[in-house]
Amino acid sequence: MNILVTGGASGLGEAITRRIAQDADRKVYFTYNQSEANAKKIESDFPNCAAIKCDFKDEAEVNALTDIIPELDIDVLINNAYTGSFISTYFHKTPADNFLTEFKDNIIPAIAITQACISLFREKKQGKIITILTSALGNTPPLGASVYVANKAYLQQLAQVWATENVKYNITSNAISPSFMLTGFTAAMDERIIEQITNNHPLNKLLTTDEVAAAVIPFLNATAQINGINLVINAGSGGQ
């Protein structure tokens, strides 16, 4: 099984890459941008992993990735990469251009990569797409995260379209929506807010990247009957 993980060298992406690479029968390709040192460490730890430099803000690098997807013979795409900010400011204070910029930096590359994979999957008559979303889409969204949540909502609807349009080709599209996690992506958040989120959590502890990575495995092994599912990981909470 050949798997492509976007943004697979840091944070949740690294946890996913490392978890699925534990099976030596899987060939895991993962993209990175600024995390070159992490990427090399993963390759060193797992001979079945291969890093691919891809800056989502660089159209040429995205195009180079989509061009090699057929020769990599990808079986599974995990849409995980996100560049930009999680928390910025209130919606009414957010410049409208910020929505356009982060859309171009995140959604357009995800669309291009997924299109390339779906074209290959249709030829192979099989394939899986797993998209990382956020539980904020169904719960109370955090203050100041309007751009991030809007982009994830766009991906959520695309994931449903992919499931519907491609099921007859034995291609599935599922999603995972984790609650708040401590990663480099959320490192800029105020410690008092993190403490509040922790105290309000039903288990009094935050979700970990390893827990989310573990949830990817069943989707890798699932039949085509498991399609169009969004697995929300929030301990049954309506919070963030």
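Trainee: In which strand is the place of leucine 231?

Mentor: This is a predicted model. Leucine 231 belongs to strand β7, which comprises residues 230-233.

Trainee: Why is leucine 231 called partly exposed?

Mentor: Its relative accessibility is 33%. Partly exposed lies between under 20% for buried and over 50% for exposed, so leucine 231 counts as partly exposed at 33%. Together with Ile226 and Ile229, Leu231 makes a nonpolar surface patch of about 210 Å².

Trainee: What makes lysine 40 and glutamate 36 a salt bridge?

Mentor: The closest N and O atoms of lysine 40 and glutamate 36 are 3.4 Å apart. The cut-off is within 4 Å, so the pair at 3.4 Å forms a salt bridge. Both residues lie in helix α2, four residues apart, or about one turn of the helix.

Trainee: Why does lysine 40 count as exposed, and which term applies to glutamate 36?

Mentor: Exposed requires over 50%, and lysine 40, at 52% relative accessibility, therefore counts as exposed. Glutamate 36 has a relative accessible area of 39%, so this residue is partly exposed.

Trainee: How do you know that the side chains of aspartate 75 and lysine 124 meet in a salt bridge?

Mentor: The N to O value is 2.4 Å.

Trainee: Is aspartate 75 buried or exposed, and why?

Mentor: Buried means under 20%; aspartate 75 has a relative accessible area of 16%, so this residue is buried. Lysine 124, with 23%, is partly exposed.

Trainee: Which residues touch the most other members of the largest nonpolar core?

Mentor: That core has 30 residues, of which Ile16, Ile20, Ile78 and Ile176 touch the most other members. The element α7 gives the most to this core, with seven residues.

Notes:
Residues numbered from 1 in each chain as written. Predicted model: local features only at pLDDT ≥ 70, side-chain atom pairs only at ≥ 80, totals over all residues. Heavy atoms only, no water. Patch = residues over 30% accessible without salt bridge, like charges linked within 9 Å, V, L, I, M, F, W, Y side chains within 5 Å. Areas by Shrake-Rupley, 256 points an atom, 1.4 Å probe, with all protein chains shown as cover. Helix = DSSP H or I, 4+ residues; strand = E, 2+ residues; numbered from the N terminus. Buried < 20%, exposed > 50% of the residue type's maximum accessible area, 1.4 Å probe, protein only. Core = buried A, V, L, I, M, F, W, Y, C linked by side-chain atoms within 4.5 Å.
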